[in-house]
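I opened the notebook to go through one model.

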Amino acid sequence: MSAVPLPPLPPSADDAYRPGGRSMADLADTEHRQLLALVDEVTDVAVAPGRRREVLQVLTAMVSRHLSAEEQYLLPTVRAALPDATARVEREIAADAALLTALKALAGPDDPTLADVAARIRRHVAAVAELVTPLREVASDAELIRLGNRWEIAEEAAPTRPHPGTPATPPWNRIVEPAVGVVDKLRDVVTGRRTQLADLNRRPRE
């Protein structure tokens with residue numbers, strides 16, 4: 001398998017070397033399944049209102065982090081490796097901004113626009129899956145794992161709230177997003193906001 005042009009990465013001895021970590025493609029697929037499960041739960045009116053509020057908090061944080069990592073690494077990689085997909089990447093960046101705008105305006109789990117947000121997340125999952133599949137065919141396992149390591153670092157530093165006005169392409173998003181993420185995390189600590197899947201299993205603060 002021939003190497004593809006990728007965003008800047010540390011040098012490796014050769015392409016046969018398999019670094020440790022998870023593939024960026026696998027991370028995207030896993031997170032997409034998690035997002036769909038949260039969407040199903042938050043839109044289920046049979047779920048208790050308090051639980052739906054908590055799920056919406058986590059869903060909002062996960063979408064914010066996920067889109068940040070995708071725009072920093074996955075979409076630039078697709079653009080470089082699959083030139084025929086450039087127009088689709090541009091549409092996805094625009095769709096991401098629209099999703100973040102809709103998510104930011106959401107007042108709560110009973111907001112009537114929640115159905116639109118849910119539809120946008122489902123559309124995002126389907127659209128990006130169509131980009132990940134051909135990417136797997138042209139990128140080596142080592143390349144995808146090295147990118148996966150950067151994806152995870154990017155998510156650690158990413159915003160936990162929707163900021164549709166921030167830059168959506170490198171290099172500026174890799175500079176701005178971590179700075180915005182620091183502010184978001186401080187607000188999360190002060191308010192006790194839930195931002196991780198594991199937080200859905202913890203007891204509320206007394």
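My entries follow in the order I looked things up.

**Entry 1: the model.** I am working from a predicted model.

**Entry 2: H2 against H3.** I recalled that two packed helices are described by the angle between their axes and the distance between those axes. I looked up both for helix H2, residues 49-81, and helix H3, residues 86-105. Their axes come within 11 Å. The crossing angle is roughly 165°. Angles over 145 degrees count as roughly antiparallel, so H2 and H3 are roughly antiparallel to each other. I also checked the hand: H2 passes H3 in a left-handed crossing.

**Entry 3: the residues in that contact.** Which residues of H2 meet H3? I listed Thr60, Val63, Ser64, Leu67, Glu71, Leu75, Val78 and Arg79. On the H3 side I found Thr86, Val89, Glu90, Glu92, Ile93, Asp96, Leu99, Leu100 and Leu103. I then sorted the residues of this contact by class: nine are nonpolar, three polar and five charged.

**Entry 4: a proline pair.** Is the peptide bond from proline 170 to proline 171 cis or trans? I read it as cis, with omega near 5°. Proline 171 is in the loop between helix H5 (141-157) and helix H6 (172-191).

**Entry 5: the largest pocket.** I noted about 370 Å³ of space in the largest pocket. Its lining has 17 residues. Which of them lie nearest the centre? They are Glu31, Arg65, Glu155, Glu156 and Gln196. I traced the lining back to the helices: H1 (24-42), H2, H5 and H6 each give two or more residues. By class, the lining divides into eight charged, five polar and four nonpolar residues.

**Entry 6: the second largest pocket.** This pocket holds about 270 Å³ of space. I wrote down its lining: Arg53, Leu56, Gln57, Thr60, Leu103, Lys104, Leu106, Arg161, Pro162, His163, Arg187 and Arg193. The elements giving two or more residues here are H2 and H3. Which element gives the largest share? H2 does, with four residues.

Key: Residues are numbered from 1 along each chain as its sequence is written. This is a predicted model: local features need pLDDT of at least 70, side-chain atom pairs count only at pLDDT 80 or more; totals for chains, interfaces and linings use all residues. Side-chain values use heavy atoms; hydrogens and water are left out. Axes are lines fitted to C-alpha atoms, for helices over the stretch in contact, and angles run from 0 to 180 degrees between N-to-C directions. Angles under 35 degrees count as roughly parallel, over 145 as roughly antiparallel, 65 to 115 as roughly perpendicular and the rest as oblique. A crossing is left-handed if the near helix is turned anticlockwise from the far one by less than a right angle, and right-handed if clockwise. Contact means heavy atoms within 4.5 Å. Ala, Val, Leu, Ile, Met, Phe, Trp, Tyr, Cys and Pro count as nonpolar, Asp, Glu, Lys and Arg as charged, and the others, Gly among them, as polar. On a 1 Å grid over the protein atoms alone, a cavity is a set of points where a 1.4 Å probe fits but cannot get out, and a pocket is an open set with protein on both sides within 12 Å along at least five of seven lines; lining residues have an atom within 4 Å of a point. Grid points are joined across faces, edges and corners, and a volume is the space filled by probe spheres set on the points.
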